[in-house]
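Please read it alongside the sequence and the model.

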Amino acid sequence: MDTDYLIFATNRDMSLATVIASDTNVPLGHMDVKKINDSETLVDIKSHVQQKEILLLFTIVPPVNDSLMQIFLISDALTKLGAKGIHLILPYMPYTRIPDEQVNKINFNLIVRLFQTSGVTSIYTFDMFSPQLVNAFKIPVYNINIKKIFSGIIEEKFKKNPNLVVTTVDYELKERATEISKVIGCDFVYVNKIDENNENGFEINKSVNNKDVLIVGNRIASGEIIIRFANFLALKGAKNIYLIATHGLFSENAVERLNGSIIKEIYVFSSPKSKLSSKIKIIPYAPIYKEIISRVIEKKNIISFIN
């Protein structure tokens, strides 16, 4: 057992943390995180953490700002008790779905400073919408590529389909979706989004008639735009429509809306919901988390893994 490291998680991630602690032979740390006075958050670290490297597993849930405050308070409490380092594994990094032209208009630097000031020493996050924002940090931030996240599903479900094409409705994801099409060995269909509020508000550069289509997404909130795009593809003759999206945030009624859509299967990686539906499937966290933790402990190269 590696006693230089401890795994910490809040109650929502405790079952996952317990499995990973057992599989990696890293002790599980204990803490209480609770509301007091119905509004303020109290963090009580129960384990001895002085000179320990902390592996903090945390899933963002709405309201996002409350989740961020929990991270900062937990990290600060661990730091004050003498933790040597805090390695945060954070599936969804908030405030990063920012179009290129607006990157400098939002105070993401404030979020960055709070991570660093609270004592976080490295972050492992997944498929940031605007990956260039890792450059705002002075601490190491590792952004795991969507191709790596869905490698198992791509291999098992899509690589053997000779009738498949890949596309994305988000211009910002074009490069990532093109990489996935190359891995599969199929065509990429470029989309021009004219009016995302209209089912006819899209243009494509190749026919999808009688094709199966894999849509590459980043975050599902209401699901409305992706459903309109799927309806557009169906009108153009697409047979089966699939969706992979790293972050299944699912705002109110989104799951019901997607279940009733023309999309055949949906795969997400991170979601505040533990159970969704037979159509919407969550990719297991544990294997990729274990690989990250093993590389941190063994001080192996992480860059080759995340890409």
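In this predicted model, Ser271 touches Thr59, Gly248, Phe250, Leu276, Ile282 and Tyr285, leaving aside residues up to four places away in sequence. Ser271 belongs to the loop that runs between strand E14 (265-270) and strand E15 (280-282). With a relative accessible area of 9%, Ser271 is buried, because buried means under 20%. The side chain of Ser271 also reaches the backbone oxygen of Gly248, at 2.9 Å.

A polar atom of the Ser118 side chain lies 2.9 Å from the backbone oxygen of Leu114. Not counting residues up to four places away in sequence, Ser118 touches Phe72, Ser75, Asp76 and Thr79.

Helix H3 comprises residues 108-117, and Phe108, Ile111, Val112 and Phe115 are buried in it. Viewed down the axis of H3, these buried residues fall within an arc of 100°, so they line one face of the helix. They pack against helix H2 (64-80), strand E5 (85-90) and strand E6 (122-126). Just after H3, Gly119 adopts a positive phi of about 115°.

In helix H5 (residues 151-158), the buried residues are Ile153, Ile154 and Phe158. Down the axis of H5, its buried residues likewise fall within an arc of 100° and so line one face of the helix. Their cover includes helix H4 (146-149), strand E8 (164-167), H6, E12, E13 and E14.

**Backbone features in loops**

Gln51 is located in the loop between strand E3 (40-45) and strand E4. Although Gln51 is not a glycine, its phi is positive, at about 65°. Is Gln51 buried or exposed? The relative accessible area of Gln51 is 54%, so this residue is exposed.

Lys299 occupies the loop between H9 and helix H10 (303-306). Phi of Lys299 is near 55°, a positive value in a residue other than glycine. Lys299 is exposed, having a relative accessible area of 68%.

Two prolines also deserve mention. The peptide bond from Pro62 to Pro63 is cis, with omega near -10°. Pro63 is found in the loop between strand E4 (53-57) and H2. Pro284 lies in the loop between E15 and helix H9 (286-298). At 56% relative accessibility, Pro284 counts as exposed, because exposed means over 50%. Pro284 and Val141 are 143 residues apart along the chain, and their C-alpha atoms are separated by 22 Å.

| Residue | Relative accessible area | Class |
|---|---|---|
| Ser271 | 9% | buried |
| Gln51 | 54% | exposed |
| Pro284 | 56% | exposed |
| Lys299 | 68% | exposed |

Rolling a probe the size of a water molecule over the atoms shows where empty space is left. The largest pocket holds about 480 Å³ of space. It is lined by 24 residues, of which Arg97, Val169, Asp170, Lys193 and Ile225 are the closest to its centre. Which elements give two or more residues to this lining? They are strand E10 (191-193), strand E12 (212-220), helix H7 (224-235) and strand E13 (241-248). E12 provides the largest share of the lining, 4 residues. Sorted by class, the lining of the largest pocket contains 12 nonpolar, 5 polar and 7 charged residues.

The volume of the second largest pocket is about 390 Å³. Among the 22 residues that line the second largest pocket, those closest to its centre are Met128, Pro131, Glu172, Glu175 and Arg176. Strand E7 (141-144) and helix H6 (174-184) each contribute at least two residues to this lining. By class, the lining of the second largest pocket divides into 10 nonpolar, 5 polar and 7 charged residues.

Definitions and conventions: Residues numbered from 1 in each chain as written. Predicted model: local features only at pLDDT ≥ 70, side-chain atom pairs only at ≥ 80, totals over all residues. Heavy atoms only, no water. Buried < 20%, exposed > 50% of the residue type's maximum accessible area, 1.4 Å probe, protein only. Arc of directions from axis to C-beta. Contact = heavy atoms within 4.5 Å. 1 Å grid on protein atoms, 1.4 Å probe; cavity = no way out; pocket = protein on both sides within 12 Å on 5 of 7 lines; lining within 4 Å. Points joined across faces, edges and corners; volume = space filled by probe spheres on them. Nonpolar A, V, L, I, M, F, W, Y, C, P; charged D, E, K, R; others polar. Polar contact = N/O pair within 3.5 Å; in protein donor to acceptor, adjacent residues only side chain to side chain.
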